[in-house]
Amino acid sequence: MSRFQAESFLNLGETDLAAFADARAAEIDLTIAEAFRADVLENLKALQAHAQRMNAALQDSGVWPIEGRRI
Amino acid sequence: MNGPSLHPLACPRPSAWRIAQDVTAGRVTAQSVVAATLQRIAVDNPRLNAFTAVFAAQAMAAAQALDADLAAGRAVGPLAGVPFAVKNLFDVEGHATLAGSKIRQDAAPAWRDAALVACLKAAGAILVGTLNMDEFAYGFVTENAHYGVTRNPHDLDRIAGGSSGGSAAAVAAGIVPFTLGSDTNGSVRVPAALCGVFGLKPSWGRLSLAGAFPFVESLDHAGLFAHNLEDLALIYDTLSSDDDRRVVDLMSEERQQPSRRPLRIGMLTGWFTQGAATEVLDALAPLADALGADREVELRGAEAARSAAFCLSAYEGARLHLGDLRRRAGGYDPAVRDRLLAGALLPDEIALQANAYRHAFQTATAEVFSQYDVLIAPATPCVAPRIGEPTMLVDGEAVSVRKNLGAYTQPVSFIGLPVLAAPLNRPGRLPIGIQIIGNLGCEPLTFALAARLQQLGLVCASPPELTLPSPT
């Protein structure tokens with residue numbers, strides 16, 4: 001399991017998202033070429049928005065957090 | 001329609017049923033059917049770019065063998081001599097499985113056919129080629145950086161949709177009566193709708209994906225396309241032969257006794273109409289009137305389900321490709337590469353949340369199906385966008401075409417429900433398709449409703465408009 005948790009990812013601002021991307025890429029041994037970086041960050045931002053929407057619905061549904069886990 | 005449309009050859013589009021009957025009865029030979037198909041590919045494909053490989057020699061050899069079997073009085077299958085083609089993520093013995101990519105061009109050739117391909121061949125169908133797609137099935141447009149864009153037969157300036165764009169276009173153009181595709185987030189239903197043909201995404205796990213290159217294994221479905229509903233039923237019955245009852249028989253009963261068991265039909269609203277073009281909403285209106293489906297239904301949580309599917313696709317897809325993303329990210333289609341790289345960065349816990357939400361959404365949807373047999377929703381928010389158009393308008397906001405054409409399909413496949421995509425009957429206009437959604441395992445009910453809609457003249461695949469051929 002990654003040391004990066006959903007909660008920190010969901011709440012990141014744009015600047016922090018870039019720093020998160022660098023740290024997470026290092027964690028999984030992935031190099032993102034400078035030429036791709038801006039587009040990858042744009043996609044990551046879109047994923048963050050989807051994850052936020054999903055997370056909000058999940059909290060409302062009552063099935064999260066799974067027993068024994070908190071976010 | 002503004003753009004040029006495809007000029008069909010003089011040969012009408014024979015159905016799979018008709019071809020199999022004629023070949024079996026000796027009225028035509030399988031060799032003549034396959035030769036005509038190869039001729040159509042040669043004429044039409046340069047404009048459509050639906051095929052990525054054509055197996056002319058193998059197809060003619062298979063047809064010759066089938067004709068020899070018939071001449072010798074040996075039994076042939078229910079699809080005797082019917083030509084078909086498959087999305088190029090299905091294994092075909094002796095060929096590298098590209099899955100729309102360049103980096104798999106040097107992959108080892110498949111040592112045997114994918115399970116569905118083998119099943120169709122065993123039934124007498126003849127494989128003529130493989131079809132274009134979005135790279136690794138990640139997209140809704142089939143604007144492939146390596147193999148080019150597949151054009152919509154109804155307007156060659158527009159996309160065919162994706163990711164099974166080649167599969168839909170080949171059927172819409174009348175080149176082959178049916179094709180195989182796959183659907184993870186809408187990759188059968190979106191191109192079927194935009195190209196105006198019938199498509200089926202059965203329940204998750206219903207059709208084998210053995211020998212198909214995966215995208216998101218927890219969401220991947222095999223699917224099929226056909227120009228008419230009877231062919232769709234015939235092919236589905238062939239591929240799912242362990243069923244007690246064939247959907248072909250069920251459709252026949254439905255036509256003879258439509259009120260025998262009234263279907264409880266709901267029209268999905270909320271997320272499934274939000275942002276839809278007026279043209280799409282207007283096209284759907286007659287359905288509710290004709291079916292007496294005056295009850296509007298909302299699938300609560302559909303938008304979040306779509307978001308969860310979006311996250312899970314990026315996460316799981318990236319995990320599958322992590323090795324290649326580390327070694328040779330530059331070899332990917334840029335539009336796919338950037339999405340996969342972003343998906344690789346997602347924390348693992350996001351995938352856990354997506355799967356937890358899937359359970360919640362399944363539970364909520366099961367309650368809806370206790371009151372309804374089938375649900376109807378549009379398949380796409382708009383007609384086929386123009387090629388190269390990066391954005392489309394949803395609620396007045398410009399959003400990415402590549403990512404959003406599947407907004408109405410993603411929540412449904414997220415929980416594996418069976419969906420029959422049917423083209424609304426609107427000859428001379430750009431196609432609009434609907435999703436006929438059943439509960440898990442209830443494919444026959446989706447066929448039953450489609451048969452009723454067809455009988456009412458509300459759904460029908462219209463051939464592309466006739467235009468004069470280009471001067472040569």
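Predicted model: local features only at pLDDT ≥ 70, side-chain atom pairs only at ≥ 80, totals over all residues.
Local features are shown at pLDDT of at least 70 and side-chain atom pairs count only at pLDDT 80 or more, while totals for chains, interfaces and linings use all residues. Residues are numbered from 1 along each chain as written, with chains lettered from A and ligands numbered from 1 in the order in which they are written.

**View 1. The buried side of helix α1 (residues 16-25) of chain B.** Helices here are DSSP runs of H or I, at least four residues, and strands are E runs of at least two, numbered from the N terminus. B:Ala16, B:Ile19, B:Ala20 and B:Val23 are the buried ones (20 or more other C-beta atoms within 10 Å of a residue's own, with C-beta atoms placed from the backbone). They sit on the same side of α1(B) because they cover an arc of only 95° around the axis, taken from the directions from the helix axis to the C-beta atoms. They pack against α2 (30-48), β8 (178-183) and α7 (229-239) of chain B.

**View 2. A cis peptide bond in chain B.** The bond runs from B:Gly162 to B:Ser163, with omega near 10°. B:Ser163 belongs to the loop between β7 (155-159) and α5 (165-172).

**View 3. Where chain B meets chain A.** Here 30 residues of chain B are in contact with 32 of chain A (C-beta atoms, placed from the backbone, within 7 Å). On the chain B side, α10 (302-328), α11 (334-345) and α12 (348-369) each give two or more residues.

How values were computed
Buried ≥ 20, exposed ≤ 12 C-beta atoms within 10 Å, placed from the backbone. Contact = placed C-beta atoms within 7 Å.
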